[in-house]
Amino acid sequence: MILTENLTKTFTLRKNQPPINAVQELNLEIKEGEVFGFLGPNGAGKTTTVRMLAALIHPTGGRAFIGNLQTGQDDTRIRRTVGILTETPGMYERLSAQKNLSIYARLYDVKDVPGQVEKYLRMLGLWARRIDEVGSFSKGMRQKLAIARALLHEPRVLFLDEPTSGLDPEAAKLVRDFIEELKTEGRTIFVCTHNLDEADRLCDRIGIFKSRLITVDTPANLRQKLFGRRVVLHLRTLDPQWLPALREFDFVREMQTLDNRLVIQLSDPETQNPLLIRKLVEHGADIQFVGELRHSLEDIYLQTLQGEAK
Amino acid sequence: MTLFSFKHVQTIIDKEWAEVFKNKMVLFTIILMPLLFTALPLIMLSLTAGTAVPGGDSADVPELFYSVCGTMDSTSCMQIYLVNQFLILFMMMPLIIPITIAAYSIVGEKTTRSLEPLLATPISTEELLTGKALAAAIPAIGATWVCFFIFQILIPVTGATQQVRAYVLGPTWLLGVLIVGPLMAIAAVNFAIMVSSRVNDPRVAEQMAAVLIVPVLALLFGQLAGLLVINLQLMLVVIACLILIDILLIYFGARLFQRETILTRWK
């Protein structure tokens, strides 16, 4: 659904200054119905990428496609196909929520303007406030309204630039729940976010980006690639003499002890765990429970960026 | 290739008016100034009606103006000379009124961060600029024409002579109000929008756009100083110049509106 081939954007601010490479040779393929998380630090070029994909600005190199439409050639048709939630809601504050959405519905050539406006105002819980000026809305309500605006024309592709940025936890949860709902509708969603927990929960795949794409994969695969899989065995007591017996297994590469817990890195826990447990039981260990140590996406993100910096 | 959509233009006009007319101060400037500019010539005509001018034809009227007066009596000639200054006010109205609206149109969207979502819609640059320009120009032209209509209705009440009444309904005035005024409005809104899309502060946009008043004031002072006369010939020259200026401003306005620069360079 979204395809980029060496997509590049360079800005030349002043003639006597070197150009700034905002996006360098980005190659990406996002399938229809996929939720893709685009992670990167401030100034990494995420918004520039979204603007290029939404046909707001043109690349200085490479190509980008939305479906079979190419940016730079089919810009108006692309803008009709995609919906975008910009970094800031940018609503008309003196106008009512209903008027704001009606204007955009007309600009997107929506056939049933009142119907679509009502649908999304109700869906996002704003119908009761429809005639109120947007200036009187809370940040969360404005963000919801901006999401409604991005959806009025039922786009197949949705770009969400920091959808929960600056929202309180309750408003952020409302927005997140709504994105999860959208996910079930089969739309392709491209989310730029700093909220790693959000990306972990919402996204099928994640790309870590800093001017160029550093890595891209599912959150689970990224975890495994960077940290492998770690199993924690909680024991009633831990006898250090058991450890050499466990090291006899070829697959035990790294082992740590922490109080009465054993942390072991494994490549295939589903097969290897029973062997470890059997061995420990043979040595008289009382195993209370076994779990998998899960690294947060934050760990993955920081590790990836640190690796990139080195 | 997409066709020009009048529906998009109409939506932009609707949006601009909904926003602008909610601002009472803007509404006040749109109504007050035209009413003031209409009242002034009426008051002046009332005060000078029936006044005999000492010195006959060679009174205070500049020599260049004699051609306009022809065989009129000195009072009518002086009234026409005085009322002719106010023709410039009627021509200035559609220039001054839309400047505030037009100057704010793009830079205002930048400051409220509403420009990016707007540019993300399928609207073309031409549709957007046309909508913005018409939203600013229509109220200005409308207000000017309404005031001119009020002026024509009230002129007999002032005691102005038949010759004066005929003159203000003559080709010079009709061309000035019906043709030059709208052309001035087009020039003003296009210039103001052009400035608005290049600056980051609405105040700067308004100040820069106000520069357009200078050539019109030159006409006013030129006539007061006796250097020129606003007659039919001059009006035709002004129309020709304005058409050229408007074409250039529309052309460069569309060229200078760089979506990408506006989105990426603005902080």
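Reader: How many helices and strands are there in chain A?
Author: Chain A holds 11 helices and 14 strands, where helices (H or I, at least four residues) and strands (E, at least two) are DSSP runs numbered from the N terminus. The model is predicted: local features need pLDDT of at least 70 and side-chain atom pairs count only at pLDDT 80 or more, while totals for chains, interfaces and linings use all residues. Residues are numbered from 1 along each chain as its sequence is written, and chains are lettered from A and ligands numbered from 1 in the order in which they are written.

Reader: Which strand does E3 of chain A join?
Author: Strand E3 (residues 35-39) of chain A is joined by four bridges to strand E9 (residues 205-210) of chain A, and the two run parallel. Pairing requires that DSSP finds at least two bridges between two strands. A:Leu39 has A:Ile208 in E9(A) as its bridge partner.

Reader: And E9 to E10, parallel or antiparallel?
Author: Antiparallel: five bridges join E9(A) to strand E10 (residues 212-217) of chain A. A:Ile206 has A:Asp217 in E10(A) as its bridge partner. E9(A) and E10(A) form a hairpin with one residue between them, and A:Ser211 in the turn has a positive phi of about 65°.

Reader: Changing topic, what is the radius of gyration of chain A?
Author: Chain A has 24 Å, whereas a compact globule of 310 residues would have a radius of gyration near 19 Å. The radius is taken over C-alpha atoms, and the globule rule is 2.2 Å times the number of residues to the power 0.38. Along the principal axes, the C-alpha atoms of chain A fill a box of roughly 75 × 55 × 35 Å.

Reader: What about the core, which residues have the most contacts inside it?
Author: The largest nonpolar core has 143 residues, and those with the most contacts inside it include A:Phe159, B:Met93 and B:Ala188. Such a core is a set of buried Ala, Val, Leu, Ile, Met, Phe, Trp, Tyr and Cys residues joined through C-beta atoms within 7 Å. A residue is buried if 20 or more other C-beta atoms lie within 10 Å of its own, exposed if 12 or fewer, and partly exposed in between, with C-beta atoms placed from the backbone. Helix H4 (residues 74-111) of chain B gives the most to this core, with 23 residues.
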